[in-house]
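Visitor: I am new to protein structures, and I would like to learn how to read one. Could you take me through it step by step?

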Amino acid sequence: MSSSVILQPEREKSLLRKHPWIFSRAIEKTEGKLRSGDTVDVYSSDKQWLGRGAWSPESQIQVRIWTFDQNEVIDNGFFLRRVERAYAGRQHLIQQQALTGFRLIGSESDGLPGITVDYYNGVLVCQLLTAGAEKHRNKIIWALQKCFPDASIYERSDVAVREKEGLEQRVDTLHGEVPNEVVIEENGIKIIVDVKQGHKTGFYLDQRDNRAIAASYAKDKDVLNCFSYTGTFGSYCLAAGAKHVTHLDVSDLALETAKRNTDINQLDMTRCDFINQDVFTALREYREQGRQFDLIVLDPPKFVDSKASLNRACRGYKDINMLAMQILKPDGLLLTFSCSGLMTTDLFNKVVADAALDAGREVQYIQRMTQAADHPISSAFPEGFYLKGIVCRVL
């Protein structure tokens, strides 16, 4: 007999809409012996079967649904079908853009909660972040090997969210030989990716389209690339004819890689500055010095970790956007982003509008930006939409 979870009365509505999360407060009781990561059948209070998912006793999200098909077994074949489906759904994009780096698995949006896999030119980098993903790691690795027999596989489950699942952080080579770095190419730009120590799985593939948008505005512009990481927004802008690019970041390693990215794309190093400084501090100094730019890219890290931190994060976003607006030349362009899922589009619009008021500048929103197409959003899981951006004309 399989283990099961029985919901409180009236708590099945989200599952009937195929949302994959069940919070602890929605659960009435469990039946059978449950261990972390075990597969459980989920029933409504009147015993209607709703879904089959992974049990996570340490997390507030105690069940993440694998399937809404009662006949589907969570075995090797299940994971292989999910990986094949995700890969097939990205084939058009991969071929159209000749991508050598792309998001292969986007967790809940690809029907695989807690599993993220990125492909970097022959290396698959995966994050297994939930109890269910951990329980089935061998099946997941097997499925990846079946789909990509020539690829190496590296695990970067070195994130704090695993601790909320009662799991230790983990980094390991899972298959093959994994180099420290690989080079991918997108939109004609070569990019060095540090798969072992870089941010997330090594790189921010989700900004691919937005880097191209930045480049489309960059010709003859003096560009400030804030939170530059390895400088790819700047490389795009230089390749598109930017007059000068200033990269700002607090990591020497990232800035060194930004220099190397400039070099491997045969771009003019004399038209670049690479400055290790806190962005908030630097923007205030530029304002005091009267230094101005034609175009600013503002791509900060996630400021919002929880609903409790949302107000503080909004103040941070407003402050940094205000400072950027104050150092733009008249009719300058600000490309501003938030990668915080809890920051809704409407709230982000309001934050930028409030920043414009505080900056004493009139601002027009002229283009919207979002995550690249290999980061799809399931209609049943709106939380999969996290990256929002605005091209602002600052008058």
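Guide: Gladly! Let us begin with a definition: two strands count as paired if DSSP finds at least two bridges between them. Keep in mind as we go that this is a predicted model.

Visitor: Then what stands opposite L298 in β18?

Guide: L298 stands opposite T336 there. The two strands concerned, β17 and β18, pair in the parallel sense over 5 bridges.

Visitor: What holds paired strands of a sheet together, in general?

Guide: Strands of a sheet pair through backbone hydrogen bonds, and the pairing is either parallel or antiparallel. Here is another case: strand β14 (residues 222-226) pairs with strand β17 (residues 293-298), in the parallel sense, over 4 bridges.

Visitor: In what order do the strands of the open sheet of 7 strands come?

Guide: Read across the sheet, and the order is β16-β15-β14-β17-β18-β20-β19, with mixed pairing. At the edges stand β16 (272-276) and β19 (363-370); each has a single partner strand, so one side of each is left without a neighbour in the sheet. Ignoring direction, neighbouring strands of this sheet are turned by 15 degrees against each other on average.

Visitor: How many residues of β17 are buried?

Guide: To answer that you need a cut-off: buried means under 20% relative accessible area. By that rule 6 of the 6 residues of β17 are buried, and the strand is mostly covered.

Visitor: Which strands does helix α5 lie across?

Guide: Helix α5 (residues 208-217) lies across β17, β18 (328-338), β19 and β20 (388-394). Its direction is at about 145 degrees to β19. Helix α6 (residues 232-239) lies across β14, β15 (244-249), β16, β17 and β18, and α6 runs at about 180 degrees to β15.

Visitor: What is the strand order in the open sheet formed by 6 strands?

Guide: There the order is β2-β6-β5-β4-β1-β3, and the pairing is mixed. The edges belong to β2 (21-23) and β3 (27-31), each with a single partner strand, so one side of each is left without a neighbour in the sheet. From one strand to the next, the twist averages 35 degrees. For an antiparallel pair, look at strand β5 (residues 49-55) and β6, which are joined over 4 bridges. Within that pair, R52 has T67 in β6 as its bridge partner.

Visitor: Now for single residues. Is I153 buried or exposed?

Guide: I153 has a relative accessible area of 0%, so it is buried. You will find I153 in strand β10 (residues 152-157). Leaving aside neighbours within four places in sequence, I153 is in contact with several residues, among them L124, C126, I141, L144 and V178. Residues separated in sequence can also be compared in space: I153 and G176 are 23 residues apart in sequence and 6.6 Å apart from C-alpha to C-alpha.

Visitor: And R103, is that residue buried or exposed?

Guide: R103 counts as buried because its relative accessibility is 16%. Its place is in strand β7 (residues 101-106). With neighbours within four places in sequence left aside, the contacts of R103 include R90, D118, L205, D374 and H375.

Terms used
Residues numbered from 1 in each chain as written. Predicted model: local features only at pLDDT ≥ 70, side-chain atom pairs only at ≥ 80, totals over all residues. Heavy atoms only, no water. Axes fitted to C-alpha atoms, helices over the stretch in contact; angles between N-to-C directions. Contact = heavy atoms within 4.5 Å. Buried < 20%, exposed > 50% of the residue type's maximum accessible area, 1.4 Å probe, protein only.
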